[in-house]
Amino acid sequence: MDYQLQRLVAVPDWCFAIGLRIRFNHPLLLYQTYPEDWIAHYARNGLLFVDPAVGWGMANSGICDWKDLVAGDAAGVLEQAAGYGLRHGIVVSVADMTTRSLGFFAGSQAPIAGHLRSLAQEVMISLHDGTEGMSEMAPSDLAPFIALNDRLRGAASP
């Protein structure tokens, strides 16, 4: 799992939020390299519940550009994200019969290129498949996987 996440951290000019094995709007594991101020703003304003990227990801599988979601963004989540440097993004959604995993990838400079879209989808499929059955693990056994988020945030910091 760490190897797959490091592949994402290594990409210049992008950051991400990944929720694995989501059930009832709660991911089993969450990995974020988004700016801290955006994470705080997003949480403080309850944007999860009005984010069109989340809505698309929960209803679909595959990849969608954020620009294609603007028309349905009544709360202006994508415009707010741009204010934090998250101007270009995609959502990647992977599902099986019982759970779904979502990845949100964003950058400031340019739309996410085709090879990076493929990388994001490949990693999301690998992470989703690799976490099958982990919801049955004891919290102490999950702790090392949860701790990966802190290491990722450190690796993604300039």
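In this predicted model, F24 is exposed, with a relative accessible area of 83%. The residue sits in the loop between β1 and β2 (29–32). Its phi is positive, about 55°, although F24 is not a glycine.

D13 also has a positive phi, near 55°, and is a residue other than glycine. D13 lies in the loop between α1 and β1 (15–22). Its relative accessibility is 38%, so D13 counts as partly exposed, since that class covers values between 20% and 50%.

S101 belongs to strand β5, which covers residues 100–107.

| Residue | Relative accessibility | Class |
|---|---|---|
| F24 | F24: 83% | F24: exposed |
| D13 | D13: 38% | D13: partly exposed |
| S101 | S101: 0% | S101: buried |

A polar atom of the S101 side chain lies 3.0 Å from the backbone nitrogen of R21. Leaving aside residues up to four places away in sequence, S101 touches G19, L20, R21, V92, S93, V94, M124 and H128.

Two helices complete the account. Helix α1 (residues 2–9) and helix α5 (residues 114–130) have axes that come within 10 Å and cross at roughly 160°. Angles over 145 degrees count as roughly antiparallel, and α1 and α5 are therefore roughly antiparallel to each other. The crossing of α1 past α5 is left-handed. On the α1 side the contact is made by Q4, L5, R7 and L8, and on the α5 side by L119, A120, E122, V123, S126 and L127. Sorted by class, this contact of α1 with α5 has 6 nonpolar, 2 polar and 2 charged residues.

Note on methods
Residues numbered from 1 in each chain as written. Predicted model: local features only at pLDDT ≥ 70, side-chain atom pairs only at ≥ 80, totals over all residues. Heavy atoms only, no water. Helix = DSSP H or I, 4+ residues; strand = E, 2+ residues; numbered from the N terminus. Buried < 20%, exposed > 50% of the residue type's maximum accessible area, 1.4 Å probe, protein only. Polar contact = N/O pair within 3.5 Å; in protein donor to acceptor, adjacent residues only side chain to side chain. Contact = heavy atoms within 4.5 Å. Axes fitted to C-alpha atoms, helices over the stretch in contact; angles between N-to-C directions. Parallel < 35°, antiparallel > 145°, perpendicular 65-115°, else oblique. Left-handed = near helix turned anticlockwise from the far one by under 90°. Nonpolar A, V, L, I, M, F, W, Y, C, P; charged D, E, K, R; others polar.
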